[in-house]
Amino acid sequence: MVEHIPVMLKEVIESLKNVESPQMIVDATLGLGGYAEEILNVFPATLLVGIDRDEQAISLAQKRLVSFAERVHIYNSPFSAIAMVLSKENAEPDGIVFDLGVSNLQLSSPERGFSFQNDGPLDMRMEGTSGESGYSAAQIVNTFSEKELADIFWKYGEERYSRRIATGIVRFREKNGPIQRTFQLVEAIRSSLPAPVQRKMGGHPARKVFQALRIFVNDELQELEKGLQGALESLAPGGVIVVVSYHSLEDRIVKYAMKDWKTSDHGDLLTRRPLKPSEEEVEKNYKARSAKLRAFRKKY
Ligand SMILES: C[S@@+](CC[C@H](N)C(=O)[O-])C[C@H]1O[C@@H](n2cnc3c(N)ncnc32)[C@H](O)[C@@H]1O
């Protein structure tokens, strides 16, 4: 059984407690249901609506939440469609939570192709191979031009060696044929960077390229912009939006969306500065190290 340790769970719940007796809370990134289970325990009269674009996650969350079944409605959908999903419910939510990025289930399943640490087919689609999300990571790596690849690595991975790596990948595929597996991509990246550069990079040399491809394949930044907008529109007056992000590209979008909402008088920031996990949490769960939580309360 795959485990995903929920990040900043205590802080997420505290933020939701800004609403008195919530009728409905939406977990827009249900994942393995870690937040959802705690929400159902802490708010015993609340309906939980869970959304995820990953079918595998949905079926595991459904099993986990079976004892709460009469208070749980689950939808397999990207959160950019949150307004449409919620139009199937009869009420407006009092809280909406986003816990961005990938789950441990996705990262630790080699056949999903998200991880540079496991060998598997280079896929990375959160919807799975049967989804409609367009290109897999392999299609991008094998068919995009050197310039297009460099732009993706720079824009979505902030990889300073983006050009060198793109050149290396194109050379690698010309010489060896299509790159089909995660470890082949790692090899192509390593072969484009001299050893001293790799040592200077701090962290795995493939980390940022894998992040960039994952964001591009799943259109994650546009999803986030649309998801936040849909959440604000769907939320009940006085309701709260809580977002946990894991890298600066995500956090920037959340920060400016909430600032904009405040400027246009939609409500107030509950977090002037983002909350960060405690040292104790980071010690126990390395994935939490980059987390930032921002929360906003819609006006009555
Ligand atoms: C970090 S995990 C959430 C973990 C969850 N909070 C828990 O405690 O188990 C993120 C989840 O969000 C989903 N996800 C990411 N982007 C999404 C999107 N645009 N629409 C719907 N689900 C998305 C992923 O499939 C993944 O299952």
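**Helix packing and ligand contacts in a predicted model**

Modeller: Helix H12 (residues 220–234) packs against helix H13 (residues 248–263) at an angle of about 30°, and their axes are 10 Å apart. This is a predicted model, in which local features need pLDDT of at least 70 and side-chain atom pairs count only at pLDDT 80 or more, while totals for chains, interfaces and linings use all residues. Residues are numbered from 1 along each chain as its sequence is written, and side-chain values use heavy atoms, with hydrogens and water left out.

Colleague: Which residues in H12 and H13 meet?

Modeller: Contact means heavy atoms within 4.5 Å. Glu220, Leu221, Leu224, Glu225, Leu228, Gln229 and Leu232 in H12 meet Leu249, Glu250, Ile253, Val254, Ala257 and Trp261 in H13. By class, nine of these are nonpolar, one is polar and three are charged. Ala, Val, Leu, Ile, Met, Phe, Trp, Tyr, Cys and Pro count as nonpolar, Asp, Glu, Lys and Arg as charged, and the others, Gly among them, as polar.

Colleague: At what angle do H7 and H8 cross?

Modeller: The axes of helix H7 (residues 146–157) and helix H8 (residues 162–176) cross at roughly 135° and come within 8 Å. H7 is therefore oblique to H8. Their contact has eight nonpolar, two polar and three charged residues.

Colleague: At what angle do H9 and H11 pack?

Modeller: Helix H9 (residues 182–192) and helix H11 (residues 207–217) pack at about 125°, with axes 10 Å apart. H9 and H11 are therefore oblique to each other. Thr182, Leu185, Val186 and Ile189 in H9 meet Val209, Phe210 and Leu213 in H11; six of these residues are nonpolar, one is polar and none is charged.

Colleague: How many residues surround the ligand?

Modeller: A residue is near a molecule if one of its heavy atoms lies within 4 Å of it. Here 25 residues surround the ligand, and the closest are Asp52, Phe79, Asp99, Gln106 and Glu223. A polar side-chain atom of Asp52 lies 2.7 Å from an oxygen atom of the ligand. For Gly34, a backbone N or O atom lies 3.1 Å from a ligand oxygen atom.

Notes
Axes are lines fitted to C-alpha atoms, for helices over the stretch in contact, and angles run from 0 to 180 degrees between N-to-C directions. Helices (H or I, at least four residues) and strands (E, at least two) are DSSP runs, numbered from the N terminus. Angles under 35 degrees count as roughly parallel, over 145 as roughly antiparallel, 65 to 115 as roughly perpendicular and the rest as oblique. A polar contact is a pair of N or O atoms within 3.5 Å; within protein, one must be able to donate a hydrogen and the other to accept it, and residues adjacent in sequence count only if both atoms are side-chain atoms.
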